[in-house]
Amino acid sequence: MEEKKTMLSGIKPSGDLTLGSYLGPLHHWPKMIEEYDCYFFMADLHAITVRQDPAALRRRTIEQLAQYIACGLDPEKCTLFIQSHVHQHAELGWVLNCYAMFGELSRMTQFKDKSAKNADNINGGLFTYPSLMAADILLYQPDLVPVGDDQKQHVELTRNIVQRFNGVYGDVFKMPESYIPKVGARIMSLTDPAAKMSKSDNGDTGRVTLMDDPNVIMKQFKRAITDSDTERCVRYDPENKPGVANLMTIYAAATGRSFAEIEQEFDGLGYGKFKPAVGEAVVEMIRPIQEETRRILADKAYLESVYRAGAEKASYAAEKTLRKVYKKIGFAAR
Ligand code: TRP
């Protein structure tokens with residue numbers, strides 16, 4: 001039998017998962033678990049680069065796991081784990097810090113953005129975030145790393161580290177490729193179509209979380225920004241009508257309809273009919289996920305068994321790579 005290729009990705013539990021998290025990564029991952037040997041994790045080590053409330057971080061980490069499963073990531077068919085449960089991440093992260101250059105870390109867009117947003121807490125972890133992410137990836141020798149647009153630069157940096165490291169020590173790490181799904185990859189804020197729908201910008205009226213009450217979701221969509229153009233019709237024109245284009249992208253994903261079909265459906269109806277229709281479609285799309293998440297969350301013993309088994313499997317694979325690295329760089333054998 002031919003060996004399956006390996007795939008890995010993670011999300012930081014730094015905020016509740018949003019519609020953007022769903023239509024971006026979460027909706028695509030379950031399709032990959034048959035074809036690839038998949039690892040998915042909650043990146044709690046990364047989450048603390050921004051100050052977190054401890055109880056909220058713990059709650060969101062477990063809830064995120066339940067949501068992964070509710071979205072179709074069957075723990076029997078892929079490895080689901082919590083990053084901090086697999087100590088090899090922090091260990092390889094340290095090593096890779098010594099192979100990531102100050103200059104290249106300084107150029108990371110996310111570092112610059114986050115530093116601007118958290119001017120009172122520009123900590124070392126925020127700066128070395130990408131070398132920990134490189135460790136997350138390289139421990140499992142994946143072929144493919146599905147990420148959002150905003151993480152591509154970090155995967156590029158990972159590739160530089162691989163080249164640098166392998167250049168000195170031989171073929172230790174497999175060269176990973178980033179993979180950015182084409183459709184629905186980027187859902188924008190409902191109130192600012194120029195910004196990504198973010199899970200960690202608190203108090204943002206522009207986002208819908210996966211666990212939001214249907215009434216809240218409807219309200220958010222009813223007050224979504226459309227555009228200030230005068231034609232007021234539902235037409236796909238991301239350049240000139242980014243708000244409408246974003247709503248159309250969401251509606252298309254939720255209903256499976258094409259942009260042309262949507263334009264036809266709302267021909268002559270204006271935004272007043274369109275916005276609640278998008279809201280309803282979203283409510284229907286996520287209703288089963290909400291129900292399944294609640295059901296799984298109620299079963300603490302099950303969740304515990306999933307993340308324990310996941311950490312054990314992940315740790316086994318990660319340890320193999322870490323040992324090889326330690327040997328190559330000259331650490332004394334234990
Ligand atoms: N940085 C990613 C994000 O903010 C999360 C992440 C951490 C990740 N480690 C990773 C994604 C490794 C892919 C691979 O969304």
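Helices (H or I, at least four residues) and strands (E, at least two) are DSSP runs, numbered from the N terminus. The expected span of a helix is 1.5 Å times one less than its number of residues.

This is a predicted model, where local features need pLDDT of at least 70, side-chain atom pairs count only at pLDDT 80 or more, and totals for chains, interfaces and linings use all residues. Residues are numbered from 1 along each chain as its sequence is written, and side-chain values use heavy atoms, with hydrogens and water left out.

Start with helix α3, residues 54-70. Its 17 residues should span 24 Å at 1.5 Å a residue, and its end C-alpha atoms are 24 Å apart, which agrees. How many of the residues of α3 are buried? The count is 12 of 17, so α3 is mostly covered. Here buried means under 20% relative accessible area, exposed means over 50%, and partly exposed lies in between (1.4 Å probe, protein chains only). The buried residues of α3 include Leu 57, Arg 60, Glu 63 and Tyr 68. Just after α3, Gly 72 takes a positive phi of about 120°.

Helix α10, residues 242-255, passes the length check too. Its 14 residues should span 20 Å, and its end C-alpha atoms are 20 Å apart. Because 10 of those 14 residues are buried, α10 is largely enclosed by the rest of the structure. Among the buried ones are Val 244, Leu 247, Met 248 and Tyr 251.

## Around the ligand

For Tyr 129, a polar side-chain atom lies 2.6 Å from a nitrogen atom of the ligand. For Asp 136, a side-chain N or O atom is 2.6 Å from a ligand nitrogen. For Gln 151, that distance is 2.9 Å. Taken alone, the ligand exposes 360 Å², and the protein buries 93% of that. Such areas come from the Shrake-Rupley method with a 1.4 Å probe; for residues, only the protein chains shown count as cover.

## Salt bridges

A salt bridge is a side-chain nitrogen of Lys or Arg within 4 Å of a carboxyl oxygen of Asp or Glu. The structure holds 13 of them.

| Pair | N to O distance | Relative accessible areas |
|---|---|---|
| Glu 104 and Arg 164 | 2.6 Å | Glu 104 6%, Arg 164 27% |
| Lys 196 and Asp 150 | 2.9 Å | Lys 196 37%, Asp 150 34% |
| Arg 257 and Glu 265 | 2.7 Å | Arg 257 35%, Glu 265 35% |

Salt bridges that share partners also join Asp 16, Arg 59 and Glu 63 into one network.

Return to the pair of Glu 104 and Arg 164, whose closest N and O atoms are 2.6 Å apart. This pair links distant parts of the chain: Glu 104 sits in helix α5 (residues 102-106) and Arg 164 in helix α8 (residues 152-169), 60 residues apart. Is Glu 104 buried or exposed? Glu 104 counts as buried because its relative accessible area is 6%. Arg 164, at 27%, counts as partly exposed.

## Two more residues

His 46 has its place in helix α2 (residues 44-47). At 2% relative accessibility, His 46 counts as buried. His 46 and Ala 277 are 231 residues apart in sequence and 37 Å apart in space, C-alpha to C-alpha.

Glu 284 lies in helix α12 (residues 270-297). Its relative accessible area is 48%, so Glu 284 is partly exposed. The side chain of Glu 284 makes a polar contact with the side chain of Arg 287, at 2.8 Å. A polar contact is a pair of N or O atoms within 3.5 Å; within protein, one must be able to donate a hydrogen and the other to accept it, and residues adjacent in sequence count only if both atoms are side-chain atoms.
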